[in-house]
Amino acid sequence: LRLGGVALDLLVDPVTRTLPLTDRDAAGLVRAVRGSELMTGERGTGDVAALEELLLRVAALADLLPQVAELVLDPVLVQRRGAVPLHAGVRLLPPGSDPERGPRRLGSSYAIL
């Protein structure tokens, strides 16, 4: 997860978490991004709960479909009410690959404010 747009040029700081993801992990992932105050602070305008729910749903999808090697939501528009992925991409493991080999991580998505 990281900020996008103009903020990306100033604050390049992608963060990741290893799956499975808990609600505490999702909250920590959102708040670990430098500049998250733009969403969570006193003047924050982003629906942080919706973004955290989106992260939890993506993590649940990864649990259900271990053949998904990577899922990119780029960008995710975090609004006053809701978080909407504007573009998505998925990379599957090659047939016959072992999905349990190596850690699976969630991260590297964008939040546009």
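Biologist: Glu52: buried or exposed?

Modeller: Glu52 counts as buried, because its relative accessible area is 16%. The cut-offs are under 20% for buried, over 50% for exposed and partly exposed in between, with a 1.4 Å probe and protein chains only. Bear in mind that this is a predicted model, where local features need pLDDT of at least 70 and side-chain atom pairs need 80 or more, while totals for chains, interfaces and linings use all residues. Numbering starts from 1 along each chain as its sequence is written, and side-chain values use heavy atoms, with hydrogens and water left out.

Biologist: Where does Glu52 sit, and what does it touch?

Modeller: Glu52 is part of helix 4. Helices here are DSSP runs of H or I with at least four residues, strands are E runs of at least two, and both are numbered from the N terminus. Leaving out residues up to four places away in sequence, Glu52 touches Ala26, Ala27, Val30 and Arg31. A contact means heavy atoms within 4.5 Å.

Biologist: Which residue does Glu52 form a salt bridge with?

Modeller: Arg31, with the closest N and O atoms 2.5 Å apart. The pair ties together parts that are 21 residues apart in sequence, because Glu52 lies in helix 4 and Arg31 in helix 2. The criterion is a side-chain nitrogen of Lys or Arg within 4 Å of a carboxyl oxygen of Asp or Glu. Arg31 is partly exposed, since its relative accessibility is 43%.

Biologist: And how many salt bridges does the structure hold?

Modeller: Three. One of them joins Glu53 and Arg57, where the closest N and O atoms are 3.0 Å apart. Those two are four residues apart in helix 4, so about one helical turn separates them. Glu53 is partly exposed at 38% relative accessible area, whereas Arg57 is exposed at 57%.

Biologist: What about Glu70, which side chain does it meet?

Modeller: Arg91, in a salt bridge with an N to O distance of 3.2 Å. This pair links distant parts of the chain, with Glu70 in strand 3 and Arg91 in strand 6 (residues 88-92), 21 residues apart. Glu70 comes out as partly exposed at 37% relative accessibility, and Arg91 is partly exposed too, at 45%.

Biologist: OK, switching to the inside. Which residues touch the most other members of the largest nonpolar core?

Modeller: Leu51 and Val76, out of 20 residues in that core. The elements that give two or more residues to this core are helix 2 (23-31), helix 4 and strand 4 (76-78). Helix 4 supplies the largest share, eight residues. A core here is a set of buried Ala, Val, Leu, Ile, Met, Phe, Trp, Tyr and Cys residues joined through side-chain atoms within 4.5 Å. As background, nonpolar side chains tend to be buried together in soluble globular proteins.

Biologist: Which residues are buried in helix 2?

Modeller: Ala26, Leu29 and Val30 are buried there. They sit on the same side of helix 2, because they cover an arc of only 95 degrees around the axis. The arc is taken over the directions from the helix axis to the C-beta atoms.

Biologist: And Leu77, how far apart is it from Leu51?

Modeller: The two are 9.1 Å apart in space, C-alpha to C-alpha, and 26 residues apart in sequence. Leu77 belongs to strand 4 and counts as partly exposed, at 28% relative accessibility.

Biologist: Give me the overall layout. How many helices and strands are there?

Modeller: Four helices and eight strands. From the N terminus on, the order is β-α-β-α-α-α-β-β-β-β-β-β. Of the 113 residues, 35% count as buried. The protein exposes about 7,000 Å², with carbon and sulfur atoms supplying 54% of it. Among contacts between residues at least 6 apart in sequence, 60% join residues at least 24 apart.

Technical notes: Accessible areas come from the Shrake-Rupley method with a 1.4 Å probe; for residues, only the protein chains shown count as cover.
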